[in-house]
Amino acid sequence: MRPPAKWIVVDGSNVMFWREDTPQLQTVQQCIEALVMHGWTPVVWFDANVGYQVGSRYMGPRALSRALRYPAARIKVAPKGTPADPLLIAEARQRGARIVTNDRYRDWAEAHPQVRNPDLFLRGTASFDGVILRVEDEHLRRRA
């Protein structure tokens, strides 16, 4: 038997800008790989315009799945005209999961008060060497 999934929700529209403030799906792919290595099962959310930010056409979960080499069932794209942020915050709440993002979600704090809890978030950075998740910082902060 497999252990239950340890879910984590990824703000793909935020993560893809971690390297040089330029949207890159490779950054999201590296983030997914790092999360899986740490034992998480990521669900990745994007705004509807992700395909136009990284290319010249709309990209849904199947196209993103091919680009990210990650199952389409775990990739979600917000409907056109709807920001992904409240949808991914709600999913994180439903799954009891943390959110990978550097966003603070201040615009959503009234409707989603859980975003005021800094422990909800797992922050990170990216360079040409890859993605660095601040997992180690989390352990230190919890001990202090």
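Student: What makes β1 and β2 a pair of strands?

Tutor: This is a predicted model, and the bridges come from its coordinates. Two strands pair if DSSP finds at least two bridges between them. Strand β1, residues 7–11, and β2 have five bridges. Therefore they count as paired, and the sense is parallel.

Student: Which residue of β2 is the bridge partner of V9?

Tutor: V43.

Student: How do you know that β2 and β3 pair?

Tutor: Use the cut-off of at least two bridges again. Between β2 and β3, residues 75–77, there are three. So the pairing holds, and its sense is parallel.

Student: Why is β2 called mostly covered?

Tutor: Buried means under 20% relative accessible area. Six of the six residues in β2, which spans 41–46, are buried.

Student: Which residues of β2 point one way, and which the other?

Tutor: T41, V43 and W45 take one direction. P42, V44 and F46 take the other. In a regular strand, side chains alternate between the two faces of the sheet. Both sets in β2 are buried.

Student: Why is Q29 called buried?

Tutor: Its relative accessibility is 11%. The cut-off is under 20%, so Q29 is buried. Q29 lies in helix α2. Leaving out residues up to four places away in sequence, Q29 touches A67, L68 and R69.

Student: R69 is on that list. Is R69 buried or exposed?

Tutor: Exposed means over 50%. R69 has 65% relative accessibility, so it counts as exposed. R69 is in the loop between α4, residues 61–68, and β3. Its phi is positive, near 55°, and R69 is not a glycine.

Student: What makes D21 exposed?

Tutor: D21 has 66% relative accessibility. The cut-off is over 50%, so D21 counts as exposed. D21 sits in the loop between α1 (12–15) and α2 (25–37). D21 also has a positive phi, about 50°, without being a glycine.

Student: Which residues line the largest pocket?

Tutor: The lining consists of R2, P3, P4, A5, V36, W40, T41, P42, Y70 and R74. The space in this pocket is about 180 Å³.

Student: How many residues of that lining are nonpolar, polar and charged?

Tutor: Seven are nonpolar, one is polar and two are charged. Arg counts as charged, and the lining includes R2 and R74.

Note on methods. Residues numbered from 1 in each chain as written. Predicted model: local features only at pLDDT ≥ 70, side-chain atom pairs only at ≥ 80, totals over all residues. Heavy atoms only, no water. Buried < 20%, exposed > 50% of the residue type's maximum accessible area, 1.4 Å probe, protein only. Helix = DSSP H or I, 4+ residues; strand = E, 2+ residues; numbered from the N terminus. 1 Å grid on protein atoms, 1.4 Å probe; cavity = no way out; pocket = protein on both sides within 12 Å on 5 of 7 lines; lining within 4 Å. Points joined across faces, edges and corners; volume = space filled by probe spheres on them. Contact = heavy atoms within 4.5 Å.
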